[in-house]
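Q: I would like to learn how to read the features of a protein model one at a time, with the general idea stated before the particular case. Could we work through the structure shown here in that way?

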Amino acid sequence: MKLATWNVNSLKQRMPRVLEFLAEHRPDVLCMQETKTTAEAFPHAELETAGYLAADNSGGRWAGVAVLAPAATPPIAVVTGLPGEVDAEERRWIEAEVAGVRVASVYVPNGRALGTPTFAAKLRFFDAMRARVTALLAERGGGLVVTGDMNVAAADLDVYDPAAFSESTHVTPDERGRLEALLAEGMVDAYRELSPDGVGYTWWDYRAGHFHKHLGLRIDLALVSTDLAPRLRSAGIDRSYRKGPKPSDHAPLIVEWDGAPP
DNA sequence: ATGTCACACCGTGTGTGA
């Protein structure tokens, strides 16, 4: 099964690149974040022409998440929102069953700055996400993938200049500890599992030529339940989608494991 | 370089969020 996750930073702006990506990679599931669209404007028809059906949690101008899958194995049993999250209207969580796997697309709050109410809300979001993972693993026993923009760099290897981030969000023990606690419930960071020493940045600031200077962060993750971990085949970032016309500031992460959809 | 991009708003620039 081939899964991709991509923070598209406005689906309206990114549709040409999304269609290009679907045609090139033909993923069995694509999780998107920051779709920034209303439910009414979500481009279901265009995606269906490309062979994909979408389940979306859309709230308008900010955030928004979606799960896409081919028409033969569409996203079903959709759940939107995360029990315990601070503001479900921010539209940061959607789950669907795709080919027998429960897939969640998540856009964790940025947190803006340390010591702010939004940072506290970010930590509470992590707590809610962990509780949901605990419940899903207890219910299903496995077959779970949680993927998206986690807005945390798990280790200094995932940060282009750890010293420059010393007073910043994304790298604090509070954030890293919450990601670690979620993983301890029975999840594995797919890219890191397959590339223990890899520098797999997924986001680069639009400003100051950071992409071309290789100044990025690895903050988009695919977390798979431990039963799937031995079946992981590949995990990589397609940097070509950070280049060319109208790129997102994130590149897609693509993960494959053994066990194909019917 | 405080460096860019995307959004809403009556807007032809400014504030907000990332």
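Q: Where does His 214 lie, and what is its phi?
A: Most residues other than glycine have a negative phi. In this predicted model, His 214 sits in the loop that runs between strand S10 (203-204) and strand S11 (216-217), and its phi is near 60°, a positive value in a residue other than glycine.

Q: Which value does phi take at Glu 34, and is Glu 34 buried or exposed?
A: The phi of Glu 34 is near 50°, again a positive value in a residue other than glycine. Glu 34 belongs to the loop between strand S2 (29-33) and helix H2 (44-49), and because its relative accessibility is 13%, Glu 34 counts as buried, the cut-off for that class being under 20%.

Q: What can be said of Asp 197, which also lies in a loop?
A: Asp 197 is placed in the loop between helix H5 (190-194) and S10, and with a relative accessible area of 68% it is exposed, since that class begins over 50%. Once its neighbours within four places in sequence are left aside, Asp 197 is in contact with Leu 157 and Arg 192. Asp 197 and Leu 157 are 40 residues apart in sequence, while their C-alpha atoms are 7.8 Å apart in space.

Q: What geometry does the pair of Trp 204 and Phe 211 have, and are its members buried or exposed?
A: Trp 204 and Phe 211 form an edge-to-face pair, at 4.9 Å centre to centre and with 90° between the planes. Trp 204 is buried, with a relative accessible area of 1%, and Phe 211 is likewise buried, with a relative accessible area of 4%.

Q: Turning to the chain as a whole, what does its radius of gyration say?
A: The radius of gyration can be set against the value for a compact globule: with 262 residues such a globule would come near 18 Å, and chain A has 17 Å, which agrees. Along its principal axes, the C-alpha trace of chain A spans about 50 × 45 × 35 Å, and the chain has 5 helices and 14 strands.

Q: Which figures describe the burial, contacts and surface of chain A?
A: Buried residues make up 57% of the 262 residues in chain A. Among contacts with a separation of 6 or more, 69% are between residues 24 or more positions apart. The accessible surface comes to about 10700 Å², and 53% of that area belongs to carbon and sulfur atoms.

Notes
Residues are numbered from 1 along each chain as its sequence is written. Chains are lettered from A and ligands numbered from 1 in the order in which they are written. This is a predicted model: local features need pLDDT of at least 70, side-chain atom pairs count only at pLDDT 80 or more; totals for chains, interfaces and linings use all residues. Side-chain values use heavy atoms; hydrogens and water are left out. Helices (H or I, at least four residues) and strands (E, at least two) are DSSP runs, numbered from the N terminus. The radius of gyration is taken over C-alpha atoms; the globule rule is 2.2 Å times the number of residues to the power 0.38. Buried means under 20% relative accessible area, exposed over 50%, partly exposed in between (1.4 Å probe, protein chains only). Contact means heavy atoms within 4.5 Å. Accessible areas come from the Shrake-Rupley method with a 1.4 Å probe; for residues, only the protein chains shown count as cover. Rings of Phe, Tyr and Trp (its six-membered ring) pair if their centres lie within 6.5 Å; planes under 30 degrees apart count as stacked, over 60 as edge-to-face and the rest as tilted.
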